[in-house]
Amino acid sequence: MIRAHSVEAVRAAEATAMAALPEGELMSRAALGLAEVAAARLADTDGTTVVGLVGAGDNGGDTLYAVAHLAESGFACAVVLVPTAGRSGVHAAGLAAAEAAGVMVHVAADDPDAVADVVAEADLVLDGIVGIGGRPGLRPEAARLVDAVDDDAWVIAVDLASGLDPAGEEGEDDAVWADETVTFGTPKPVHLLPAGEAATGRLTVVDIGIDLADVAAAVERLTWDDVAALWPVPGSGDDKYSRGVLGVVAGSEAYPGAAVLCTTSAAEAGVGMLRYVGTPTPVGLVHQAVPEAVMGEGRVQAWVVGPGLDTETADDAARAQLDAARAALASDLPVVVDAGGLALVDGRRTAPTVLTPHAGELARLLTRLEAPSAGTDDGTQGGSGASAGGSGAGRPVGGSGDGGDDAQHEVTADDVKGAPLGHARRLVALTGATVLLKGATTLVVTDGEPVRSQADAPPWLATAGAGDVLSGVIGALLAAGLSPHDAASLGALVHGVTADRVSGGGPLRALAVAHGIRPTVRDLLARGRSAPG
Ligand SMILES: NC(=O)C1=CN([C@@H]2O[C@H](COP(=O)(O)OP(=O)(O)OC[C@H]3O[C@@H](n4cnc5c(N)ncnc54)[C@H](O)[C@@H]3O)[C@@H](O)[C@H]2O)[C@@H](O)CC1
Ligand SMILES: Nc1ncnc2c1ncn2[C@@H]1O[C@H](COP(=O)(O)OP(=O)(O)O)[C@@H](O)[C@H]1O
Ligand SMILES: [K+]
């Protein structure tokens, strides 16, 4: 598992470590590690020239010492001091070390054009403008230097790409776009979150001897090696019921294929038993595609509700299926709610719940649930008595404070994409559920848990039906007894890794991803068995 810690946790751990070390020792370790990475990249690319962009804080200090090391190793090195105060505005001891090593020192404010030319010559650029002390965005004088960097230069962000929000809450276009980030002690949230991941590039962590082993992470990412520890592997005493029965309420006359995709992936994920509830067309298709599935309701340990569910049609079969969906939501069993099922959610369930919206679905849910008088948005069904909350669990009033009295604020998909984590948290606050927000980086947010962030899938996975496959995997894991947080994040990991294998760099289809789940899990489990220790 990769663990990222908040800025506050990092500063506290640094303070503890510094108290036991000679002054400047941590910065000296950071700078040495940074210089070693930079020297290796220069060797890989036959580069010879280095420019460090140096801001006013300790991030600039790291950069000055690192460039001094690189100059001592024989590279042609210069630094550009970004603050308008020039030499007096930067880390004094770091500047002295750089000058002593023969580094050329330029002050950006003195001659901006000439300095831009110096930057443009560099084979390798160290971005030391700001680190964890930075506010989002770049000031114009910094942006001008960043614009001057040659497209072929290797850009290493020191600790984080300047301009990004270190907490990764807000997206920021005005930031350094790094090929690589060399960070110190531990990853920071921005490195793993959608707001900063692309601008971070390759992430390299330098050990500077700070201890965060017992400190809760702000953001976590499951890796391949976590699968063996988390995946529910049956023992000799198990039977199909003890392994977990999953009920699936999915598909409709309008969208029958979703039922096939969801049940196929649940079967491929190795669920103990599968029950399917649907209308005649998907029942026939599921019967053919997944002969293991049993048709109709019965005892289950968890439900998937919603892929391809049609909440608009009111014929008898569709109504019976919707009744089953509502009963599942009103039950005390774990439920994964996806796609059409999200329209039936109108508040808190007390039982474990995973909501799996994409950005557009999250925007619609927030708009509806934060409205002064919320209800289900499938108006055809009227009676709110069959709400997701069941009898005693009405819609919480959270969010009423930001809407204003008359005009309801409509949340858009673009709002969600601009600040995905914050919007996912809003839905967690409204529902108490685990929220899995789909995208290139999928976020799993649960109250009181570190955010899980998975980025395992290729963009080819952005294809119709891929979400139906994901819900089947998560459902199988919930039925086996995993917590919503683990089921959702492990499901996202396996779904993404499978998509990557199935794609192999080319197109994929959702059904192929469903069929790829079984071999992927097998191989990840085998990897765990062969791992040392
Ligand atoms: N505290 C420690 O023990 C260690 C800190 N280290 C380094 O120290 C960094 C943190 O240093 P600081 O706390 O001094 O903070 P930073 O160097 O990240 O930045 C703070 C300075 O940048 C200015 N600034 C903030 N936002 C800006 C923006 N958008 N544009 C331009 N200027 C902006 C501020 O006015 C302030 O002077 C870490 O990221 C890391 O690189 C490392 O040396 C490891 C040890
Ligand atoms: N750019 C991307 N890169 C990787 N994965 C993506 C990207 N965009 C979407 N995905 C993934 O593809 C799946 C799409 O699911 P969804 O939008 O629910 O599709 P559908 O409703 O058609 O099944 C999700 O798992 C999502 O995380
Ligand atoms: K930086």
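Mentor: Let's start with Thr49, which faces Ala76 of β3. The model is predicted, so to speak: local features need pLDDT of at least 70 and side-chain atom pairs pLDDT 80 or more, while totals for chains, interfaces and linings use all residues. Residues are numbered from 1 along each chain as written, and chains are lettered from A and ligands numbered from 1 in written order.

The two strands around that pair are β2 (residues 49-54) and β3 (residues 76-81); they run parallel and six bridges join them. Strands (E, at least two residues) and helices (H or I, at least four) are DSSP runs numbered from the N terminus, and a pair of strands needs at least two DSSP bridges.

Now step back to the sheet that holds them. Seven strands form an open sheet with parallel pairing, in the order β4-β3-β2-β5-β6-β7-β8. β4 (104-107) and β8 (202-206) are the edge strands; each has a single partner, so one side of each has no neighbour in the sheet. On average, neighbouring strands here are turned by 20° against each other, direction ignored.

Across this sheet lies helix α3 (residues 58-72), which covers β2, β3, β5 (124-128) and β6 (154-158). The direction of α3 makes about 160° with β2. (Axes are fitted to C-alpha atoms, for helices over the stretch in contact, with angles from 0 to 180 degrees between N-to-C directions; contact means C-beta atoms, placed from the backbone, within 7 Å.)

Helix α3 also leads us to ligand 1. The shell around ligand 1 takes four residues from α3, the most from any element. Helices α1 (7-19), α2 (25-45) and α3 each supply at least two residues of that shell. There are 26 residues around ligand 1, and Gly57, Asp58, Asn59, Gly131 and Gly133 come nearest (C-beta within 6 Å, placed from the backbone). By class, the shell around ligand 1 has 12 nonpolar, eight polar and six charged residues. (Ala, Val, Leu, Ile, Met, Phe, Trp, Tyr, Cys and Pro are nonpolar; Asp, Glu, Lys and Arg charged; the others, Gly among them, polar.)

How does this part sit in the whole protein? The domain assignment, automatic or from a database, gives domain 1 (2-221) and domain 2 (239-372 + 420-530). Their centres, taken over C-alpha atoms, are separated by 41 Å. Domain 1 puts 12 residues into the contact and domain 2 puts in 11 residues. On the domain 1 side, strand β9 (residues 219-221) makes the largest share, with three residues. That side divides into seven nonpolar, one polar and four charged residues.

Strand β9 also belongs to an open sheet of 11 strands with mixed pairing, ordered β1-β9-β18-β17-β16-β15-β14-β13-β10-β11-β12. Here β1 (2-4) and β12 (294-295) stand at the edges with a single partner strand each, so one side of each is left without a neighbour in the sheet. Strand β11 (residues 273-277) runs parallel to β12, joined by two bridges, and Arg275 stands opposite Val294 in β12. Helix α16 (residues 420-431) packs on this sheet against β15 (353-355), β16 (434-437), β17 (442-445) and β18 (451-454), at about 35° to β17. Helix α18 (residues 484-503) also touches β15, β16, β17 and β18, and its direction makes about 10° with that of β18.

Note on methods:
Two residues are in contact if their C-beta atoms, placed from the backbone, lie within 7 Å.
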